[in-house]
Amino acid sequence: SDLTDRTRPQIPAGMTRRRMLASTAAALAGSSLLSGTRASAAESSKSDTSPHINFSLEGKSAIVTGAARGIGRAIAMALAAAGADVMGIDIAGKVADSIVYPPASPEELDETGRLVTAQNRRWIAVKADTRDIAALRAAADRAAKEFGKIDIAVADAGIQIYGPIAEMTDENWKNVIDVNLTGTNGVRRAG
């Protein structure tokens, strides 16, 4: 191999190579879908706007947090295009007073659902805050009941509070940690 230990990609602890490749493929597929490029090298008509996925998730189900827009929406769409049924979780509203960008909306979560169902996949929308572990557990229970199982959990919800960390208030710090880290752990534990 031409890779040295220094340049060889490292797999995070606790993650299998297969899971890393699958999650990377889903993210790349979603990213290419949003940018208008194709996820596979297959030739297609210029009028064909459906995503081209070169792997199958047929018979699988997924939970995606932060699904109302952006990367979360792209991931939900890519998973659906690959054959997975999707539960999209998003607060779809105000997260904290200090966030300066507009929050996701219920209409954006509905649009993600429309895009998923356009792929002939089942969709469950859940308006919930990832800081609420009980709500995540209830959502996971619902997904397991309606889909029969949960195969994939993607913790994409996240917030950004701009400014120097040394000047961040305790409340702002707690909001970032709770959404970006604790919420991720909640998805892992609920799924």
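Strand E1 (residues 61-65) is mostly covered in this predicted model, with 5 of its 5 residues buried. Buried here means under 20% relative accessible area, exposed means over 50%, and partly exposed lies in between (1.4 Å probe, protein chains only). Strands (E, at least two residues) and helices (H or I, at least four) are DSSP runs, numbered from the N terminus. Ser61, Ile63 and Thr65 point to one side of E1. Ala62 and Val64 point the other way, and all are buried.

The model is predicted: local features need pLDDT of at least 70, side-chain atom pairs count only at pLDDT 80 or more, and totals for chains, interfaces and linings use all residues. Residues are numbered from 1 along each chain as its sequence is written, and side-chain values use heavy atoms, with hydrogens and water left out.

An open sheet is formed by 4 strands in the order E3-E2-E1-E4, and the pairing is parallel. Two strands pair if DSSP finds at least two bridges between them. The edge strands are E3 (123-127) and E4, each of which pairs on one side only. On average, neighbouring strands of the sheet are turned by 15 degrees against each other, direction ignored. Axes are lines fitted to C-alpha atoms, for helices over the stretch in contact, and angles run from 0 to 180 degrees between N-to-C directions.

E1 is joined to E2 (residues 85-90) by 5 bridges, and the two run parallel. Valine 64 has glycine 88 as its bridge partner in E2. From E1 the chain crosses through helix H2 (residues 70-81) to E2, in a right-handed β-α-β crossover. Right-handed means that, with the strands pointing away from the viewer, the path from the first strand over the helix to the second runs clockwise. E1 also pairs with E4 (residues 152-155), in the parallel sense, over 4 bridges. Here threonine 65 is partnered by alanine 155 of E4. E2 and E3 run parallel and are joined by 5 bridges. Methionine 87 has isoleucine 124 of E3 as its bridge partner.

H2 lies across E1, E2 and E4, at about 170 degrees to E1. Helix H4 (residues 133-147) packs on the sheet and touches E1, E2 and E3. The direction of H4 makes about 165 degrees with that of E2. H2 has 12 residues and spans 17 Å from first C-alpha to last, close to the 16 Å expected at 1.5 Å a residue. The expected span is 1.5 Å times one less than the number of residues. Because 9 of its 12 residues are buried, H2 is largely enclosed by the rest of the structure. Just after H2, glycine 83 takes a positive phi of about 115 degrees.

The largest nonpolar core has 18 residues, of which Val64, Leu79 and Val86 touch the most other members. Such a core is a set of buried Ala, Val, Leu, Ile, Met, Phe, Trp, Tyr and Cys residues joined through side-chain atoms within 4.5 Å. E1, H2, helix H3 (106-117) and E4 each supply at least two residues of this core. Its largest share, 4 residues, comes from H2. A second, separate core of 11 residues includes Val126, Ala128, Leu136 and Phe147.

Threonine 130 sits in the loop between E3 and H4. At 6% relative accessibility, threonine 130 counts as buried. Leaving aside neighbours within four places in sequence, threonine 130 is in contact (heavy atoms within 4.5 Å) with Thr65, Leu136, Ala157, Val179 and Gly183.
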